[in-house]
Amino acid sequence: MIKTISELHSFKGWLFNFLLLGLAVVLLPLLNIWLPEDSAWHVPNYMFPLIGKYLCYALVALAVDLIWGYTGILSLGHGVFFSIGGYAMGMYLMRSIGKEGVYKSDLPDFMVFLDWKELPWYWYGFDNFIFTLLVILVIPGLLAFIFGYFAFRSRIKGVYFAIITQAMTFALMLLFFRNNTGFGGNNGLTDFKRILGYSLQEPSTKMGIYIITALILFLSYVLSRYIVKSKLGRVLIAIRDAESRVMFSGYNTLHYKLAIWTLSAFLCGIAGALYVPQVGIINPSEMQPSNSIEMAIWVAVGGRGTLGGALVGAGLVNGAKSWFTVAAPDYWLYFLGGLFIVVTLFFPKGFVGIFSRSSSKNNKEVILND
Amino acid sequence: MKETFSLFKPRKLGTLLIGRKTLTQFFGVFVFLVMSVLSFSIVEANDFELALQDLGNKSRTKIKKAIKELGNQGNPAALPALEALKGNRLRISDDGVLIILNESGDKGRNALSEKQVDLKALNLRKPRINNSVRRVLSSTIGKLQLQSSDPNIRLAAAEQLLKKSSGGLVELVEKALAKETSDEIREVFFLVLAKEGLKSDDKKKRLQSLKIIKKFGNNDFKNVLESLLRKNEKGEFLESYSEVRDNAKKAISSIERRQFFIDQIANLFYGMSLGSILLLAALGLAITFGLMGVINMAHGEMLMIGAYSTFVIQNLFRDYLPNLFDWYLIAAIPTAFIVSGVVGIIMERSVIRHLYGRPLETLLATWGISLVLIQTVRLIFGAQNVEVANPSYLSGGIQAFNGVVLPFNRIAIIIFVIFVVILVWTLLQKSSLGLQVRAVTQNRGMASCVGISTRKIDMYTFGLGSGVAGLGGVALSQVGNVGPELGQLYIVDSFMVVVLGGVGKIAGTVAGAMGLGVLNKFLEPVAGAVLGKILVLVLIIIVIQKRPQGLFALKGRMVDD
Amino acid sequence: MTNPEAQIKDVSVDTSHGCILYIEGLTVSFDGFKALNDLNLYIDEGELRCIIGPNGAGKTTMMDVITGKTRPDKGTVFFGQNHDLSKMTEYEISHAGIGRKFQKPTVFLNHTVFENLELALKAEKNVWTSLTKSLSGEQKDLIEKDLETIGLTEQMNLRAGLLSHGQKQWLEIGMLLVQDPKLLLIDEPVAGMTHQETERTAELLASLAGKHSVVVVEHEMDFIRSIANRVTVLHEGSVLAEGKMEDVQEDPKVMEVYLGS
């Protein structure tokens with residue numbers, strides 16, 4: 001197994017990866033802890049949840065690249081899986097508030113506000129972290145599995161599939177907006193106090209979560225790399241390029257699509273769960289179709305079918321978003337919209353594609369053939 | 001008989017002279033009779049005037065008495081003053097003259113003579129009334145309205161009576177019933193009588209009343225009927241006759257069935273209304289998707305642009321042609337079509353054309369365009385909803401039956417949509433352009449080989465599809481809110497229509513839109529709007545399992561997607 | 001769904017009657033148009049049959065039905081005595097031993113020639129083995145042998161998208177061979193090939209007959225003459241004539257409809 005893993009990247013590739021990891025997990029925290037606050041190189045506390053947020057998005061982008069860049073399945077509803085993981089974590093965090101909420105009750109504040117007398121059955125168990133962890137790991141994948149089974153089985157492809165995923169996330173968003181559904185309505189879940197006993201206000205907790213996020217992203221990247229380098233990855237690419245031929249070559253493409261689709265949802269769920277403690281809130285607007293569509297543009301901007309491109313794209317677009325919403329909020333949508341148009345028209349291979357038009361050895365060019 | 005005739009047999013003048021005494025006697029009787037009748041009406045008129053006058057009395061008790069008196073007299077001429085009193089438009093001048101003000105309070109007329117008065121010259125006082133006076137006022141007005149010559153007023157009064165029953169109305173209603181010619185109003189009178197009849201001691205009368213209620217009654221009667229089935233503390237039925245109880249139960253189920261039927265008709269109508277709007281929204285999408293395999297994510301914005309075009313035209317008319325305001329809608333229709341069509345063509349020429357054969361990229365690129373369009377509209381018109389008013393001929397609605405009102409604007413939209421669909425169908429099936437469009441839809445390569453300029457066709461088709469969506473925006477502006485995000489609300493549903501109905505045949509889009517509209521409306525009362533939407537989505541996925549290409553899609557050996 | 005384990009076990013085809021493909025009374029219509037009309041066709045084991053016919057005669061539709069892409073409205077399609085093709089999915093049919101080469105070459109353009117063959121290679125094809133197993137030495141040898149057969153050994157690591165049209169056709173045939181099917185369906189193998197390429201293809205196909213059963217659809221008359229044993233002429237969805245090439249060529253019905261001279 002180690003040998004196979006070592007084959008995933010060239011020596012230079014692995015070096016690059018570990019450097020990045022070291023930067024994220026070792027250097028930045030040290031720059032925060034060791035340096036005094038007024039030093040130019042000091043990394044302020046607020047950077048960690050901010051970068052952590054971007055890392056969560058990067059994990060989502062990885063997941064989307066796996067199904068879209070490699071397998072050719074465009075989902076406009078991946079926000080659903082992200083949100084479910086996020087809500088699960090949110091529910092755990094809500095219950096961890098205990099009696100310290102505004103209403104000093106066992107029940108979360110919003111339930112008291114709605115005049116509810118007891119905890120609904122689907123909130124049971126979320127006071128236990130292991131249970132919550134299981135939910136995060138299982139439910140998004142399970143939902144994806146069921147949806148994917150019916151969708152792929154009926155051979156829904158391409159734009160039809162994309163539209164149906166959009167409808168799915170739209171419907172779920174409406175559901176979660178209702179106060180009666182019991183997830184906080186349009187305010188969502190927020191005002192968290194602690195996780196696993198550690199206070200969420202403490203910078204050390206935030207840094208801890210950030211480091212965990214970085215590590216999980218790294219592991220997910222390695223896993224994804226392993227998949228795309230294996231025969232499984234080649235089959236997925238083949239499915240993207242000529243699904244009929246793959247079927248006629250004896251592969252049950254339903255199984256393959258279902259497998260990668262479920263994995264992708266699994267990763268998104270984890271990303272959502274890591275996201276929530278770092279931003280401090282989860283609400284139904286995470287499930288709006290536009291969020292999911294933006295996830296696709298992260299991958300397109302960075303470069304589909306390259307894994308690294310997805311990570312780069314997530315960082316670039318979200319960085320631009322943060323800048324615009326502060327400096328020129330009225331123009332953010334023009335920028336984003338323009339990005340969609342320009343990238344699809346002129347840069348189908350994305351950011352990464354600009355740099356690797358070179359040797360056939362590093363040939364990551366993808367003949368776009370959907 | 002013979003004598004009577006002999007009395008009136010014409011006599012010669014001479015004979016008159018002979019019977020002069022008799023004649024004088026008769027004449028005297030005659031004068032006396034006339035004087036009595038006259039004096040009665042004078043007395044009556046006086047009574048009427050007196051009572052009317054007393055409406056302005058300072059004492060509330062006297063006012064109440066006057067109202068009751070007017071009610072007993074039964075003269076509908078009292079209505080204007082009484083209604084003015086109720087609506088706080090009655091005034092009394094220093095000389096005690098009753099003045100009725102008009103709605104805006106700037107003109108007044110004398111309650112008795114109906115002559116206009118100069119308000120400024122008079123010192124006016126408001127009569128003081130309280131709730132107890134108001135109660136008597138309401139029931140008296142109701143009573144008098146029953147005798148009005150206008151059937152609409154009579155109907156409204158009758159229905160009022162039905163709602164607030166008070167004893168002692170029976171004779172009044174029976175009198176009115178005897179004179180009533182309209183079937184609709186008679187029905188209501190029967191129900192009023194029946195409601196009273198239920199309280200009768202005579203079992204037969206109760207049964208009779210139940211029969212009437214069973215036939216004509218609505219949901220409001222359920223309480224009354226259920227009280228017949230109640231038990232007292234000892235567990236005994238209040239209504240001792242089982243026959244009456246059984247009939248009451250039958251009446252209840254009959255009412256429930258009728259109500260259910262009416263509810264379903266209402267749902268059907270609203271479903272069709274929703275479906276017709278969805279149809280306009282989805283038709284354009286089906287055309288462009290069918291032609292180019294392009295799912296245009298900015299299609300919703302074509303709807304939005306059409307709605308905003310309507311808004312602009314409305315404002316132009318309001319500012320420059322206020323007398324012709326009602327016609328703004330007529331001008332808005334071609335405007336919206338053209339504006340949306342042009343925007344669509346620009347989209348096609350600049351972006352979509354270059355992405356032919358790559359539907360997923362087109363999806364993303366058009367999403368980007370939609371963001372740009374929404375933000376532009378937001379910057380120009382503001383992020384809030386804007387007001388588009390219905391022209392006068394579309395306000396209000398017809399009362400279909402029993403509380404179901406079918407609004408005119410929705411009816412107009414359904415007719416409009418039918419018209420548009422027929423127009424588009426004719427264009428596609430009968431015109432040469434339509435022939436070319438269909439050819440390119442079915443086999444682009446072949447069509448190009450026989451000399452069809454596929455680029456031009458793409459452009460026209462996209463323009464048509466966007467234009468139709470613009471028309472949808474006009475319709476939407478009449479029934480819903482107009483804001484920058486209007487398109488986003490309808491885009492998901494439009495997609496569902498296209499997925500469900502299939503592509504390539506208009507029949508499919510019609511079936512899909514109507515089906516979804518009606519289905520949505522029928523599920524709403526059962527499952528709520530949100531769950532209804534989810535159910536619809538699940539249903540669509542199930543249908544797709546069996547027919548992946550949609551209900552009406554073109555079959556055949558299509559190019560492998 | 002089929003048991004994944006069963007995918008790799010030899011799904012034996014019962015050819016005790018000598019016939020490997022039975023098509024009886026096959027009817028397929030699209031929106032009112034009858035693509036196949038009561039078609040009857042029997043292919044013997046080990047034979048090389050050529051199917052010819054004008055455009056729209058139903059040749060490709062017939063292949064679609066055999067490989068499971070289209071379902072028949074009426075009639076039966078049997079692979080050997082025991083496999084009812086109308087009830088199997090594409091990949092099950094592929095596993096049963098039917099391979100198809102499409103009219104348009106459908107190789108995987110973004111994969112190298114080697115990878116194309118690796119994907120097509122007869123092996124376990126479920127998700128888990130694809131993820132975990134790598135190619136054995138034996139399997140590598142098989143691929144290399146196949147490369148020799150189709151003459152693409154030098155282009156082994158070239159991306160298939162960069163091959164010439166003729167090379168793509170061969171690659172697809174190679175992918176077919178490496179699947180080791182019992183019945184090969186080949187749709188227009190020499191379209192767009194040069195004269196020499198056509199000859200080579202003819203040799204290749206002729207050598208396949210015997211061990212495999214081959215059905216070739218083509219328009220190129222010289223090519224057919226050089227390989228064909230028996231020829232079936234399709235017209236408007238059913239068989240117009242059948243027999244040896246010379247006999248079919250002389251058949252007046254065929255001349256009227258198709259050959260002209």
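**Domains, a sheet and an interface**

Analyst: The centres of domain 1 of chain A and domain 2 of chain A, taken over C-alpha atoms, are separated by 26 Å, the domain bounds coming from an automatic or database domain assignment. This is a predicted model, in which local features need pLDDT of at least 70 and side-chain atom pairs count only at pLDDT 80 or more, while totals for chains, interfaces and linings use all residues. Residues are numbered from 1 along each chain as its sequence is written, chains are lettered from A and ligands numbered from 1 in the order in which they are written, and side-chain values use heavy atoms, with hydrogens and water left out.

User: How much area do domain 1 of chain A and domain 2 of chain A bury between them?

Analyst: Buried area is the accessible area (1.4 Å probe) that two parts lose on being put together, summed over both. Of the area buried between these two domains, 81% lies on carbon and sulfur atoms. On the side of domain 1 of chain A, Leu8(A), Leu21(A) and Val25(A) lose the most, together 42% of what that side buries. The area buried between the two domains is about 1200 Å².

User: Which residue of S5(C) stands opposite Phe79(C)?

Analyst: Strand S4 of chain C covers residues 74-79, and two bridges join S4 to S5(C), the two running antiparallel. The residue in S5(C) that stands opposite Phe79(C) is His83(C).

User: How many salt bridges does the rule find across the interface of chain C and chain A?

Analyst: Contact (heavy atoms within 4.5 Å) joins 30 residues of chain C to 31 residues of chain A. A salt bridge is a side-chain nitrogen of Lys or Arg within 4 Å of a carboxyl oxygen of Asp or Glu. The side chains of Glu90(C) and Arg155(A) meet in such a bridge, at 3.1 Å from N to O. Across the interface of chain C and chain A, the number of salt bridges found is three.

Key
Pairing = 2+ DSSP bridges. Helix = DSSP H or I, 4+ residues; strand = E, 2+ residues; numbered from the N terminus.
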